[in-house]
Amino acid sequence: MMKQIIVALSVLVFSTTTSNAQSLLSKVPASATMVIKYAGENFSKNVPVQKMDTYKFVRKDLLSFMHIDTLTSVQNMGINLEQDSYQYVIAVDSSFSFVTMMQLKNPAQFVQLIKASYSSKSKIEQKNGFELMAISENTYVGWNASTAVIVNTTYQNKMSYYDYKYRNDTAVATTYAATVDSAVSVVTEATAAAEDAVKFTPPTIYKDGYKTPKKKKGVTKGKSKGVAKKSVKKKKVVEEAPYVIEEATTYTMSGEDSLEQRNRELWEQQQDMIAKQKQQAAAENIMANTFTGNVKSIESEIGYKKIIEPNAHVSVWLNSEDLLRQYQNYFSRNIYGLLKYMKPTNEKETVIGFNSAINVYFEKDKMRMDQKTFSTDAEMESMGKAVMNSKQSPSMLNYINAGNIGYFSASINTEAMVNYYYTTVKKYLSNTPYVGEYSDVVDVYVDLLQIMIDEKGIADLTPGNYLFVMHDMKTKQVEYTDYVYDKEYNSTPVQKKKKELSPNFSFVMDTRKEAFMQKLAKLPLKYAKKERLNYTDKGGYYELAFDSTKYPVSSLYFMVKDGKGIVTTNKDVITNTIANKGFMADEETKNSILNNNYAAKVDSKKLFEILGTEASTSTNKKICAYMQENMGDIKTEMSYKDGMIQGSTILKINGKHTNSLEWFFNMVETVNNIYDEARAEDAKRVD
Amino acid sequence: MKKQHYFLIFIILTSFSSCFEIVEQIFVKKDGSGNFQLTVNLSKSKTKLNSIMKMKTVNGHDVPSEQEIKNKIAEVEKAVAKTPGLSAVKTSMDFDNYIMTLNCNFNKVNQLNAIAKNLTQNEKDKARFVEKSYDFDAATSIFMRLNKISLKKDYNKMSNADKEIFATANYTAIYKFENTVSAVSNTTANISPSKKAVMLQQNVLDVITEKKSIENKITLIK
């Protein structure tokens with residue numbers, strides 16, 4: 001799993017399509033829902049292309065993953081990795097496409113690479129201004145003298161057979177009326193059907209025999225043949241059925257079933273063919289626009305310009321609203337019939353959603369990721385601002401001890417958040433299949449819900465200030481039973497002790513409904529005995545005690561005091577709170593928490609040191625040791641600034657690395673080597 | 001009851017248990033009858049198991065409840081009790097320490113071979129369990145512990161997370177006799193000073209991957 005994540009991350013960093021930076025951005029359509037930019041600087045300066053060739057994983061895993069000859073040097077792929085490149089996602093013509101644009105430095109080398117990797121399966125087609133090769137049913141490569149474009153596309157409007165069947169009652173009735181003798185023949189009109197999914201020709205029924213489908217040029221005859229053969233076999237089963245009456249419990253396919261199955265298989269074949277044609281058309285359309293057409297580029301869009309930093313080494317731009325809608329569509333299309341009732345995926349909402357961007361910088365001693373989120377729509381923007389209109393309570397700092405492993409602080413305006421949900425739910429439901437048709441009704445229902453729900457009450461119960469602190473991971477002694485043997489090998493059970501990690505954490509939340517929270521904390525007292533819980537009132541707080549020999553945590557304390565609900569394993573936290581005292585958070589932590597809506601920090605060195613002690617295999621121990629030495633602290637902050645939600649995540653690096661991009665490559669290489677060693681060791685064992 | 005079910009329960013109970021031990025103890029009388037005891041000791045991982053028992057799934061496997069485990073163990077007891085020649089079959093499960101035991105008496109050592117077979121209904125698996133694991137020839141006074149059931153393929157099919165549970169697990173075999181032991185074939189086995197007992201300890205992973213063997217031919221003095 002770890003490996004897959006690493007490869008995926010590497011692909012993300014590595015799949016730098018090269019191209020003239022400005023010209024390629026100008027080819028990214030304004031309707032794209034996600035845009036990724038990889039700066040050429042990554043490979044001209046941070047990790048030079050020559051250096052990349054020295055990483056084993058680049059060839060062994062990455063090129064292999066991309067089905068590219070692993071002997072090819074990264075330098076000889078014909079791709080200019082030292083220029084900016086782009087990837088984007090777009091939903092157009094009912095197809096969902098992931099497009100990669102790269103600049104070429106040696107087109108001949110690139111063509112050679114493509115031919116060597118894929119040409120045995122596919123032909124190169126000459127198009128107007130570019131060459132095109134299909135490397136699979138949904139992946140197409142196009143190139144000219146300076147640029148290469150890879151389009152991975154999926155047609156989303158495949159029609160459901162059952163939807164067709166149950167909405168064409170006449171046709172269905174005819175079909176079933178003719179299935180009396182169950183002998184059928186199928187006439188595939190696949191080519192015609194490929195023109196329009198709805199024009200499906202149901203199988204023609206013959207009374208006394210099964211005929212193979214008519215063959216048409218250019219139609220996937222192999223598949224049709226396969227279906228016919230299969231069906232004939234099934235018919236034999238039907239004929240033999242009367243001789244096995246006693247085994248009547250065994251299900252035997254009837255003529256109707258057989259025909260039904262054949263109809264469905266043919267329908268699906270047709271849909272696959274249509275999808276293939278639509279996918280190729282979508283890919284060609286994208287390529288034609290890229291190579292020869294005029295594209296209304298995203299580069300001049302305010303939603304893009306405002307949050308994308310031109311100097312970022314990698315930037316990711318998202319139209320969250322569109323992405324969410326496409327995500328819904330993607331899953332809905334597999335549910336028969338639903339897509340038909342949905343809005344086209346590229347249709348814009350009347351209310352514009354949020355645009356988000358992550359700008360990544362591979363600096364010398366750290367990796368910095370700046371996030372920005374905003375909406376060009378005034379209503380949404382004001383909602384975002386209202387949600388972030390909250391300040392963390394200074395008293396929360398009392399719960400952050402020096403030397404903690406990590407913390408997460410959140411401060412949001414609960415009331416504004418609840419109000420934001422109403423809008424989101426309305427938008428979500430009006431985009432949901434079937435429900436969308438009744439958006440006015442949904443609107444009324446959500447309004448009614450809004451009247452019934454007391455947002456202020458919810459906000460009083462939990463105003464939106466939360467803090468989680470992992471104070472420490474202490475070791476505790478636990479007992480276990482082992483056997484000792486005397487000299488005659490008679491066994492005796494003995495109690496032994498060993499050390500185990502025990503998490504020491506606190507969760508604190510603000511509340512203005514202290515009386516209610518007190519009631520809640522007291523509630524288990526009455527039922528503790530019945531439920532066999534050791535939950536006791538300790539005078540000012542409650543303790544849920546666990547058998548220390550059985551659980552990693554000995555006690556969980558619950559306390560409500562001074563407008564705070566506290567759940568902790570740390571007795572000091574309780575003692576301090578009773579005495580109106582607290583820990584002393586350092587100045588940096590104080591500023592980070594009090595000046596931001598979200599703040600988090602993880603002491604990676606400490607975390608990996610602790611995890612290393614728990615790792616049961618030498619592989620995990622080695623990985624933990626490497627990470628402990630090379631990974632620095634992680635810190636995140638997020639707040640509302642300059643009319644948008646802005647945040648920054650910093651991952652510090654340690655060890656001997658020129659910069660954080662090289663650190664990333666070195667880390668992937670090292671982790672891969674550790675896994676390779678483990679595999680070799682494992683193979684030795686098994687052999 | 002399929003063998004896989006027992007195996008799954010075993011996997012679940014041992015998941016995240018970095019340490020567990022299987023102890024097999026057999027006492028053989030001169031006439032070939034005796035007592036068999038199998039112990040699976042997960043006590044060293046009991047805090048993790050207590051946490052796992054509160055979860056629904058682990059490593060993609062459903063976590064059984066205490067009652068489900070008790071039921072399965074009761075089924076094991078029933079199945080073993082049906083084996084001809086075996087008597088006083090008793091199982092126990094200590095949920096405080098996670099120690100499971102199976103204890104029974106036998107008239108002949110060979111009768112133990114039917115236990116594994118009786119625990120499976122799957123024909124394919126039954127075929128695997130026709131092989132002898134235990135043998136005692138009173139005429140020659142030779143006790144044999146065999147291991148013809150290969151788990152290597154099953155192990156290779158496991159996920160890495162499941163494989164990890166065997167890395168530090170141990171297997172202990174203790175064989176005791178009324179007669180005196182004159183020789184053992186397994187060089188890692190030890191004979192007690194009285195020469196009436198033999199002990200063999202191996203790493204479970206080494207046994208599964210067939211790097212080390214638990215097979216032993218123990219020759220007794222008549």
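In chain A, the axes of helix α14 (residues 378–387) and helix α15 come within 8 Å and cross at roughly 150°, which makes α14(A) roughly antiparallel to α15(A) (a word used for angles over 145 degrees). This is a predicted model, in which local features need pLDDT of at least 70, side-chain atom pairs count only at pLDDT 80 or more, and totals for chains, interfaces and linings use all residues. Residues are numbered from 1 along each chain as its sequence is written, chains are lettered from A and ligands numbered from 1 in the order in which they are written, and side-chain values use heavy atoms, with hydrogens and water left out.

**Helix pairs**

- α14(A) passes α15(A) in a left-handed crossing, where A:E379, A:M380, A:M383, A:A386 and A:V387 of α14(A) meet A:A416, A:M417, A:N419, A:Y420 and A:T423 of α15(A) (contact means heavy atoms within 4.5 Å).
- Helix α15 (residues 414–430) of chain A also packs with helix α16 (residues 439–452) of chain A, at an angle of about 160° and with the axes 10 Å apart.
- α15(A) and α16(A) are therefore roughly antiparallel to each other, and α15(A) passes α16(A) in a right-handed crossing.

**Helix α19**

- In α19 (residues 571–578) of chain A, the residues A:V573, A:I574, A:N576 and A:T577 are buried (under 20% relative accessible area, with a 1.4 Å probe and protein chains only).
- These residues cover an arc of only 165° around the axis, which puts them on the same side of α19(A).
- The buried residues of α19(A) pack against β12 (465–485), β13 (491–510), β16 (555–561) and β17 (564–568) of chain A.
- Just after α19(A), A:N580 takes a positive phi of about 55°.

How values were computed: Buried means under 20% relative accessible area, exposed over 50%, partly exposed in between (1.4 Å probe, protein chains only). Helices (H or I, at least four residues) and strands (E, at least two) are DSSP runs, numbered from the N terminus. The arc is that of the directions from the helix axis to the C-beta atoms. Axes are lines fitted to C-alpha atoms, for helices over the stretch in contact, and angles run from 0 to 180 degrees between N-to-C directions. Angles under 35 degrees count as roughly parallel, over 145 as roughly antiparallel, 65 to 115 as roughly perpendicular and the rest as oblique. A crossing is left-handed if the near helix is turned anticlockwise from the far one by less than a right angle, and right-handed if clockwise.
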